[in-house]
Amino acid sequence: MRATVMSADASDIRPLGAPDIDNSTKQERLEYVLDKWRCCHSCEICGKCSVLRGVDAEIAYEDYIEGRTPYMEITKRIRNLNY
């Protein structure tokens with residue numbers, strides 16, 4: 001069972017972490033990626049774009065969205081490219 005996080009009024013309960021590729025739909029994985037890599041419009045503080053090196057999150061995480069590779073494996077690859 002995945003850990004969850006909820007809003008103060010308990011109206012929004014969501015799993016914590018990326019949906020597992022074996023127990024989620026393509027749409028759920030896409031929504032997760034888009035939410036996690038959504039633009040904050042504060043480039044000096046955020047840094048998400050620099051982590052992805054200008055590549056769109058949907059492209060960087062395509063294998064995860066398609067259910068071929070776990071989210072964390074792709075994230076580790078991206079991290080290793082930056083250090």
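This is a predicted model: local features need pLDDT of at least 70, side-chain atom pairs count only at pLDDT 80 or more; totals for chains, interfaces and linings use all residues.

**Entry 1: helix 1 and its partners**

Which helices do the buried residues of helix 1 pack against? I found helix 4, helix 5 and helix 6 (71-82). Residues are numbered from 1 along each chain as its sequence is written, and side-chain values use heavy atoms, with hydrogens and water left out.

In helix 1, I listed Arg29, Leu30, Tyr32 and Val33 as buried. Buried means under 20% relative accessible area, exposed means over 50%, and partly exposed lies in between (1.4 Å probe, protein chains only). Looking down the axis of helix 1, I saw its buried residues fall within an arc of 160°, so they line one face of the helix. That arc is taken over the directions from the helix axis to the C-beta atoms.

**Entry 2: the overall layout**

I counted 6 helices and 2 strands, and from the N terminus the elements run β-β-α-α-α-α-α-α. These are DSSP runs numbered from the N terminus: helices are H or I with at least four residues, strands are E with at least two. Of the 83 residues of the chain, 20% count as buried. For contacts (heavy atoms within 4.5 Å), I noted that residues 24 or more positions apart account for 42% of those with a separation of 6 or more.

**Entry 3: aromatic rings**

How many aromatic pairs does a search of the whole structure find? It finds 4. Rings of Phe, Tyr and Trp (its six-membered ring) pair if their centres lie within 6.5 Å; planes under 30 degrees apart count as stacked, over 60 as edge-to-face and the rest as tilted. One of the pairs is tryptophan 37 with tyrosine 61, which is tilted, at 5.9 Å centre to centre and 35° between the planes. This pair links distant parts of the chain, 24 residues apart: tryptophan 37 sits in the loop between helix 1 (26-36) and helix 2 (43-46), and tyrosine 61 in the loop between helix 4 (57-60) and helix 5 (62-65). Both tryptophan 37 and tyrosine 61 are buried.

I then checked tyrosine 64 and tyrosine 71: their ring centres are 5.3 Å apart and their planes are at 75°, so the pair is edge-to-face. Both of these tyrosines are buried too. Tyr32, Trp37, Tyr61, Tyr64 and Tyr71 form one aromatic cluster.

**Entry 4: the core and tyrosine 64**

The largest nonpolar core has 13 residues, and those with the most contacts inside it are Val33, Trp37, Leu52, Tyr61, Tyr64 and Tyr71. Helix 1, helix 5 and helix 6 are the elements that give two or more residues to this core. By nonpolar core I mean a set of buried Ala, Val, Leu, Ile, Met, Phe, Trp, Tyr and Cys residues joined through side-chain atoms within 4.5 Å.

I stayed with tyrosine 64, which is found in helix 5 and has 0% relative accessibility, so it counts as buried. Its side chain reaches the backbone oxygen of proline 19 at 2.7 Å. Tyrosine 64 and isoleucine 21 are 43 residues apart in sequence and 7.3 Å apart in space, C-alpha to C-alpha. Leaving aside neighbours within four places in sequence, the contacts of tyrosine 64 include Ala18, Ile21, Arg29 and Ile74.

**Entry 5: loops worth a look**

Where is serine 24? I placed serine 24 in the loop between strand 2 (13-15) and helix 1. With 15% relative accessibility, serine 24 counts as buried. A polar atom of its side chain lies 2.6 Å from the backbone oxygen of aspartate 20.

Most residues other than glycine have a negative phi. Histidine 41 has a positive phi of about 55°; it is in the loop between helix 1 and helix 2 and is exposed, with a relative accessible area of 71%. Arginine 53 also has a positive phi, near 55°, in the loop between helix 3 (48-52) and helix 4. At 55% relative accessibility, arginine 53 counts as exposed.

Terms used:
A polar contact is a pair of N or O atoms within 3.5 Å; within protein, one must be able to donate a hydrogen and the other to accept it, and residues adjacent in sequence count only if both atoms are side-chain atoms.
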